[in-house]
Amino acid sequence: MTKKRFEWTLSNLFATLLLIVGIGLLLWLLITSFGTRLSVEAAVTAGVLLLAGLIFLHPTPVTILAPMIGIISLSAGYATYFSAHSWFSALVAVIIMVAILSYGFNLRQALRRRHSSWSH
C-alpha cells in the first residue's frame with residue numbers, strides 16, 4: 001500500500017487555521033488567566049478547535065496527530081482539574097481522551113483501508 005502524499009487543499013488550509021487558532025488560544029489562557037473559570041472555558045474551546053482541525057486534516061501526518069492528541073487530552077485534564085479540583089478526575093479525563101482519540105483515528109484509517117479494498 002502506498003503512502004498518501006499530503007497536499008495543500010482548502011480542507012487542509014482550514015484545518016491548519018483551526019490548529020493554529022486552537023494552539024494560540026491555549027497559549028493565551030496559560031499566559032493570561034491560568035486556573036480561572038475563563039481559562040477552563042478557553043481550554044475546552046481550544047480542545048474542540050484542535051479536534052476539528054484534526055478531523056479536517058487529510059491525510060493526518062503522525063508527526064501532527066500524536067502531539068495534537070496529547071494536547072487535546074491535556075486540555076481536557078486541565079479543564080477537569082480546575083472544574084473539580086481533583087487530580088484523580090483530571091488523570092482519568094486525560095486517559096479517557098487519549099483512548100478515545102487514538103481509537104477514533106485508528107478506526108478511521110482501518111475503515112479507509114477496508115473501503116479501498118472493497119472498491120477493487
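Biologist: In this predicted model, what is the handedness of the crossing in which H1 passes H3?

Modeller: The model is a prediction, and the handedness is computed for the two helices H1 and H3 as they pass each other. Their axes lie 12 Å apart. The crossing of H1 with H3 is left-handed.

Biologist: Are H1 and H3 roughly parallel, roughly antiparallel, roughly perpendicular or oblique to each other?

Modeller: H1 and H3 pack at an angle of about 40 degrees. Angles under 35 degrees count as roughly parallel, and the roughly perpendicular range runs from 65 to 115.

Biologist: Which residues of H3 do Leu19, Ile23, Leu26, Leu29 and Leu30 in H1 meet?

Modeller: The residues of this contact divide into nine nonpolar, one polar and no charged. On the H1 side are Leu19, Ile23, Leu26, Leu29 and Leu30. On the H3 side they meet Ile64, Met68, Ile71, Ser75 and Tyr78.

Biologist: What distance separates the end C-alpha atoms of helix H1?

Modeller: Helix H1 covers residues 10-32, which makes 23 residues. At 1.5 Å a residue, H1 should therefore span 33 Å. The end C-alpha atoms agree with this, for the distance between them is 33 Å.

Biologist: Against which helices do the buried residues of H1 pack?

Modeller: Buried residues have under 20% relative accessible area. In H1 they are Asn12, Ala15, Leu18, Leu19, Gly22, Leu26 and Leu29. An α-helix has 3.6 residues a turn, so residues three or four places apart point the same way. The buried residues of H1 pack against helix H2 (37-56) and helix H3 (62-84).

Biologist: How are H2 and H3 oriented to each other, roughly parallel or roughly antiparallel?

Modeller: The axes of H2 and H3 are 9 Å apart, and the packing angle is about 155 degrees. Angles over 145 count as roughly antiparallel. H2 and H3 are therefore roughly antiparallel.

Biologist: How many nonpolar, polar and charged residues are in the contact of H2 with H3?

Modeller: H2 contributes residues including Val40, Val44, Leu50 and Leu54. Among the H3 residues that they meet are Ile64, Ile72, Ala79 and Phe82. The residues of this contact divide into 15 nonpolar, four polar and no charged.

Biologist: Is Ser73 buried or exposed?

Modeller: Ser73 is found in helix H3. Leaving aside residues up to four places away in sequence, Ser73 touches Val94, Met97, Val98 and Leu101. Its relative accessibility is 0%, so Ser73 counts as buried.

Key. Residues numbered from 1 in each chain as written. Predicted model: local features only at pLDDT ≥ 70, side-chain atom pairs only at ≥ 80, totals over all residues. Heavy atoms only, no water. Helix = DSSP H or I, 4+ residues; strand = E, 2+ residues; numbered from the N terminus. Expected span 1.5 Å × (residues − 1). Buried < 20%, exposed > 50% of the residue type's maximum accessible area, 1.4 Å probe, protein only. Contact = heavy atoms within 4.5 Å. Axes fitted to C-alpha atoms, helices over the stretch in contact; angles between N-to-C directions. Nonpolar A, V, L, I, M, F, W, Y, C, P; charged D, E, K, R; others polar. Left-handed = near helix turned anticlockwise from the far one by under 90°.
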